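Please look through the following structure with its sequence at hand, and then follow the account below as it moves from one part to another.

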Amino acid sequence: GQPLGPRRLSLKPVPKVPNMEAFLRDAAVRVKRQARGCLAPELCFQAVRAATELPFAEGLRRERELFQVLLSSGQARALQYAFFAERAVHRWATPTGASWSSAAPQPVRTAAVIGLGTMGRGIVTSLVKANIPVVALEQDLEYLNKGRKAVMLLLEREAMKMEGGAQTLDFHNPARLQFTVDFDLLRDVDLVIEAVFENMALKKEIFHKLSKICKPGALLCTNTSALNIDEIASATSRPQQVIGTHFFSPAHVMRLLEIIYGRHTSPSAIATAMQLAKALKKVGVVVGNCFGFVGNRMMFPYVEQAVFLLEEGSRPEAVDQALEDFGFKIGPFRMSDLAGLDVGWRSRQGQGLTGPSLPAGTPARQRHGQRYSPLPDLLCEHGRFGQKNAKGWYQYEKAGGRTATPDPWLHNFLSQYRDTHGIKTRFIDQEEILERCLFSLINEGFAVLAEGIASGPEHLD
């Protein structure tokens, strides 16, 4: 008994849905939390809200207005720039005239990873996911078994995420993933990634060994975050095959792969490392060799300013909050706790900035004529290394825990520190936090460009 003509849903009144208000309130909170600092998700939410409250034609009008706001926003321009920048970095070039257009990569059919610490485990996982057979090597059986357990756990998690997908991870097959303590098994691999901790003598010893064992064409990569590639290459008989592949932690998640060429690195080696980045579904960025390369070199002054802010009266949670509200996924102090405070501490000890090697009479808050804050060193001396042992700039529910809670011990420690050094505590607003952290980051970026360490601003961004 109904007419058969077309029935326009858009002309019907908007149905009243029970609990709509509560649902929208809850959704608004979730969107704000997940998309901190990002405009688009918030405006999408407002468009959906309009659809529940207004007649169809008015709802569309509202959606169009919101779209216009986004279209002309700075964030849209920045996202478009980031989209194209990510594609521009495939076109790499070095000051000596080597470039992406003329260098041919070598095939990578098999790979090896040396060292199964946090970084090594993530790198093995990335290679297995990319269907590249891997030999994973550790120095002794105890470390090997510990590493194997951790890698298997990571791979099981990855396999669960992929379930139902077209490809499955065949990681129980020894032809795809093999664990060993025997260097001789590296004779035939096309590429080796060394991922032991940041110690120059240890890395040189490994590279000396590799240049004796690996086949002549094998690419020798070091996952270092700051050490000199040329010095590592000097331990081998083939410096042209040595290259830095700096993965970021956690290595199986982070998409950035910093590729560092030394003085002797061949164009073909750079092209092969870039090809590897593509196979691992990572964004490879080719940069020159200097202390900290580009990623960490730019992080140093940014984190340093964050620590200076603590000296002057701020707290870790206030600094992190300001930068996370601005749009960073994670603030400098939560990031340091995640990476492990001992990593930077070891590096500073190696540079003679801290520890017993300092000449007597060195002022506590100055090094090499520059302002220096010993706060991160003092935390490490108190055995606070971050998430790995449940206390760093924050406290955590357990070792390896992820939930950062402000720590009264640290607040007390900071005020004692200020008293010791006669620093007057002052209130620091959000604007000052943002300007001091971000401007030092940006200025370092200009310095990197000026020195020709990166070939264009897109590479830095």
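In this predicted model, the largest cavity has a volume of about 40 Å³, and a search of the whole structure finds one cavity of 30 Å³ or more. The residues that line this largest cavity are Val-128, Asn-131, Ile-132, Thr-168, Leu-169, Asp-170 and Arg-176, and by class they comprise three nonpolar, two polar and two charged residues. Rolling a probe the size of a water molecule over the atoms shows where empty space is left.

Open spaces can be considered next. The second largest pocket has a volume of about 260 Å³, and 13 residues line it, of which Ser-126, Lys-129, Ala-130, Leu-280 and Lys-281 lie nearest its centre. Sorted by class, the lining of the second largest pocket has six nonpolar, three polar and four charged residues.

Which residues touch the most other members of the largest nonpolar core? Among the 64 residues of that core, they are Ile-114, Leu-186, Leu-210 and Trp-393. Because domain 2 (111–289) and domain 3 (295–358 + 365–459) both give residues to this core, it lies between them. Another core, of 42 residues, lies apart from the largest one, and its members include Ala-103, Ala-111, Leu-191 and Phe-247.

The cysteines remain to be described. How many disulfides does the model contain? The count comes to zero, where a disulfide would need a pair of cysteine sulfur atoms within 2.5 Å. Cys-38 is in no disulfide, and the nearest cysteine sulfur to it, that of Cys-44, is 11 Å away. With a relative accessibility of 34%, Cys-38 counts as partly exposed. Cys-437 is likewise in no disulfide, its nearest cysteine sulfur being that of Cys-38, 19 Å away; Cys-437 has a relative accessibility of 0% and therefore counts as buried.

How values were computed
Residues numbered from 1 in each chain as written. Predicted model: local features only at pLDDT ≥ 70, side-chain atom pairs only at ≥ 80, totals over all residues. Heavy atoms only, no water. 1 Å grid on protein atoms, 1.4 Å probe; cavity = no way out; pocket = protein on both sides within 12 Å on 5 of 7 lines; lining within 4 Å. Points joined across faces, edges and corners; volume = space filled by probe spheres on them. Nonpolar A, V, L, I, M, F, W, Y, C, P; charged D, E, K, R; others polar. Buried < 20%, exposed > 50% of the residue type's maximum accessible area, 1.4 Å probe, protein only. Core = buried A, V, L, I, M, F, W, Y, C linked by side-chain atoms within 4.5 Å. Domains from an automatic or database assignment.
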